Amino acid sequence: MASSQGGHGTVKPATHFDAEADAAALRKAMKGIGTDEAAIIHIVANRSNAQRQDTKLKYKLLYGRDLVADLHSELGGHLRTAVLALMETKAVYDAHCLRNAMKGLGTDESVLIEILCTRTNQEIKDIVAAYKTAFPGRDLEKDVMSETSGNFKRLLVTMCQGARDESPSVDHEKAKREAQELFSAGEKQWGTDESKFNFIIGSRSIPQLKATFDEYTKIAQRDIFSSIDREMSGDLKKSFKTVVQCIYSRPAYFAERFYYSMKGAGTDDDTLVRLVVTRCEIDMVEIKQKFLELFHKTLGTMIEGDISGDYRKLLLAIVGPN
């Protein structure tokens with residue numbers, strides 16, 4: 001079954017799901033001396049997020065204990081991080097990732113870009129609501145505004161509205177007109193009028209933008225990617241490129257994020273876990289196809305060579321066979 005973003009997840013709802021049986025199996029895996037990590041991995045990796053939420057509730061009803069607290073005390077390292085992430089609802093998990101990216105000294109702009117520039121309208125609205133509930137007295141848009149600046153801040157604030165046009169129809173005259181406006185705001189003049197890019201790229205529908213970018217290439221004699229590369233810099237450039245890449249191919253964007261989380265010395269485990277958790281029910285099948293196409297190896301092979309132990313077993317169980 002395709003997700004709302006037209007992709008296919010590797011994690012699907014278990015057909016003969018029984019929350020009570022899962023709760024009992026998880027309790028057994030953690031009770032007494034030692035922990036049965038294999039049993040925990042088997043359950044967590046083979047249930048949908050909604051099913052995990054049902055099990056969490058059933059566990060509390062049956063045992064008067066908090067499943068997340070028990071998992072936290074029984075597991076360790078990156079395995080614990082990944083399992084606890086999988087036990088959150090999608091919106092709450094994204095909200096926590098955004099808060100972690102902004103709290104303390106410095107801001108991890110790459111996380112703000114990855115989440116705010118790639119989610120659907122409904123996902124953004126759910127994240128904004130979850131953020132308010134998870135962090136009383138805080139507001140996502142206000143936090144983004146206080147942690148970022150300039151045109152980058154303005155683009156992220158636009159993204160926080162979750163108000164992109166979602167109509168499937170294309171107005172070809174408008175595409176020509178707005179392609180010309182983008183060209184005039186960038187390549188044609190000294191300095192770039194980022195507000196024009198922000199308005200058009202931040203609000204138009206995906207089919208409309210594809211048509212606009214096709215027209216842009218005819219006018220500018222180069223594609224919109226090249227122009228953004230030439231005209232912008234820093235986080236603003238990264239964020240616009242992310243939006244444009246997701247308009248053409250969201251799986252290609254995430255395939256690249258996966259690759260660079262593992263390339264070179266060391267692994268960016270926070271990013272790797274976040275990508276596996278947030279895409280496993282949406283478009284992981286397409287991400288794996290793109291990964292193979294772009295990097296001539298499977299995503300599973302790269303994960304296998306990069307991490308180890310039960311953490312590796314969990315991620316491979318979620319990502320699925322090559």
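**Entry 1: Met-262**

I looked up the burial of Met-262 first. Met-262 counts as buried because its relative accessibility is 1%; buried means under 20% relative accessible area, exposed over 50%, and partly exposed in between, with a 1.4 Å probe and protein chains only. The model is a predicted one, in which local features need pLDDT of at least 70 and side-chain atom pairs count only at pLDDT 80 or more, while totals for chains, interfaces and linings use all residues. Residues are numbered from 1 along each chain as its sequence is written, and side-chain values use heavy atoms, with hydrogens and water left out.

I placed Met-262 in helix α15, which covers residues 234–262. Helices (H or I, at least four residues) and strands (E, at least two) are DSSP runs, numbered from the N terminus. I then listed the contacts of Met-262 (heavy atoms within 4.5 Å). Leaving aside residues up to four places away in sequence, Met-262 touches Thr-267, Leu-272, Leu-299, Met-302, Ile-303 and Asp-306. From Met-262 to Asp-306 I noted 44 residues in sequence and 6.6 Å in space, C-alpha to C-alpha.

**Entry 2: the whole chain**

I counted 19 helices and zero strands in the protein chain. The radius of gyration is 21 Å, close to the 20 Å that the globule rule gives for 322 residues, so the chain is as compact as a globular protein of that length. This radius is taken over C-alpha atoms, and the rule is 2.2 Å times the number of residues to the power 0.38. Along the principal axes, the C-alpha atoms fill a box of roughly 70 × 45 × 40 Å.

Buried residues make up 49% of the 322 residues. Of the contacts between residues at least 6 apart in sequence, I noted that 71% join residues at least 24 apart.

**Entry 3: aromatic pairs**

I searched the whole structure for aromatic pairs and recorded 10. Rings of Phe, Tyr and Trp (its six-membered ring) pair if their centres lie within 6.5 Å; planes under 30 degrees apart count as stacked, over 60 as edge-to-face and the rest as tilted.

The pair of Phe-183 and Tyr-216 is edge-to-face because the ring centres are 6.4 Å apart and the planes stand at 70 degrees. This pair links distant parts of the chain, 33 residues apart, with Phe-183 in helix α11 (residues 172–185) and Tyr-216 in helix α13 (residues 206–220). Phe-183 is buried at 17% relative accessibility, and Tyr-216 is buried at 0%.

I found Phe-197 and Phe-240 also edge-to-face, at 6.0 Å centre to centre and 70 degrees between the planes. Phe-197 lies in helix α12 (residues 194–203) and Phe-240 in helix α15, so the pair ties together parts that are 43 residues apart in sequence. Phe-197 is buried at 1% relative accessibility, and Phe-240 is buried with a relative accessible area of 1%. I also recorded a cluster in which ring pairs link Tyr-259, Tyr-260, Phe-291 and Phe-295.

**Entry 4: positive phi**

Gln-221 is not a glycine, yet its phi is positive, about 65 degrees. I located Gln-221 in the loop between α13 and α14 (224–231). Gln-221 counts as exposed because its relative accessibility is 67%.

His-296, a residue other than glycine, has a positive phi near 55 degrees. I located His-296 in the loop between α17 (284–295) and α18 (299–306). With a relative accessible area of 68%, His-296 is exposed.
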